[in-house]
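Hi everyone, thanks for having me.

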Amino acid sequence: MKKKLLSLILCSILGLTLLAGCGNGATDTPTTDVQDTENANETETGDTNDGSTFRVGITLQNLQNPFWGGLAAYMETLMTEKGWEYTILDCDDNSAVQISQVENFIASGKDLILAHPSDPQGIEEVFRQAQEAGIITMSWDDILENSNLNWILDNTELGYAIGSAAADFINEHYTADEPAQVIMINYPATPVLLERETGILDALEANAAGLYEVIASQPALDAATAMSHVETILQANPNASVVVSIGAGGDVGANEAFMVATGGDIPDDMGIFSADATLQQLEAIQAGQATRVSVGFEGSSRRTAIAVVDLFEQLLSGGDLPQNIVRILTPIDINNVDDFIADYRN
């Protein structure tokens with residue numbers, strides 16, 4: 001089995017630079033095949049497995065995000081071990097591209113299609129077409145009518161967990177006379193991430209009112225964009241020291257910006273609070289860098305990959321699952337981070 005693109009993705013995450021584009025189509029091959037066209041990157045792979053091979057098509061919003069890039073690499077490993085054929089695509093958060101990707105999955109006869117919807121309403125019709133073709137459909141994060149399984153988060157609750165952790169930190173280190181200057185890394189163009197941002201702000205106001213001020217809000221999904229935003233904000237606001245982020249990209253980028261600004265000597269009152277619990281985030285927590293808390297879903301992204309591939313297998317084998325499954329939340333900080341880092345490395 002040759003594995004090119006997603007292995008490179010995982011390595012690039014660790015270096016904070018990962019380049020991924022959009023795939024517009026797919027042609028199944030028995031080995032990994034990276035096809036590069038204008039604005040298109042896609043990975044396809046598969047093995048035969050004595051007639052029991054499943055064919056899975058996956059379209060994600062953005063593989064430049066460290067969480068999704070790392071998760072895709074773990075999923076690739078698990079599906080390869082099972083001898084499945086699979087295609088994993090990045091739509092660059094473009095609904096039209098994602099719809100085209102799903103249409104191509106239907107045409108190529110996938111057994112299961114997973115979408116992390118760029119536009120939930122936009123994907124409904126093409127998911128209906130997939131179901132009419134006898135293909136199992138699964139939605140990640142959004143409740144869709146034409147989906148056999150919606151694997152969802154309560155994003156407001158997730159945001160509230162992030163904001164509550166930040167509020168505890170602010171209460172410990174700041175006062176009304178010297179309030180925390182908070183940077184928000186958000187992505188309001190995506191509805192579920194707007195819900196997450198709302199939860200963060202609600203928790204801050206409920207638990208740290210009068211002890212903080214949000215001095216800037218900037219959208220970012222990838223680490224490089226977030227780092228650039230935070231560096232610019234710090235030039236005008238050198239006392240900004242708390243970041244709340246809707247995901248791993250904002251966390252990783254902000255941590256790099258703070259590490260540069262402090263020469264690696266992170267003060268006790270500087271902290272970043274986010275979601276996703278990638279290995280890079282957990283290593284930063286363990287090392288005493290600015291990242292203080294990351295709320296994971298199943299725990300680590302490795303555990304998330306195991307959980308989602310297990311759901312694939314249950315669906316493909318005719319398992320009786322409810323249409324909506326709500327995922328658990330696991331805050332990870334210095335007190336439990338060692339357990340989850342060990343999980344990545346075992």
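Let's start with who lines the largest cavity: nine nonpolar, six polar and four charged residues. Here Ala, Val, Leu, Ile, Met, Phe, Trp, Tyr, Cys and Pro count as nonpolar, Asp, Glu, Lys and Arg as charged, and the others, Gly among them, as polar. A quick word on the source: this is a predicted model, where local features need pLDDT of at least 70 and side-chain atom pairs pLDDT 80 or more, while totals for chains, interfaces and linings use all residues. Residues are numbered from 1 along each chain as its sequence is written, and side-chain values use heavy atoms, without hydrogens and water.

How many cavities of 30 Å³ or more are there? There are two, and the largest holds about 180 Å³ of space. Closest to its centre, among 19 lining residues, are Trp68, His116, Asp141, Leu193 and Arg196. Helix H2 (66–82) and helix H6 (191–208) each bring at least two lining residues, and H6 gives the most, three.

A cavity is a set of points on a 1 Å grid over the protein atoms alone where a 1.4 Å probe fits but cannot get out; a pocket is an open set with protein on both sides within 12 Å along at least five of seven lines, and lining residues have an atom within 4 Å of a point. Points join across faces, edges and corners, and volume is the space filled by probe spheres set on them. Helices (H or I, at least four residues) and strands (E, at least two) are DSSP runs, numbered from the N terminus.

Now the largest pocket: about 260 Å³, with helix H5 (155–173) supplying five lining residues, the largest share.
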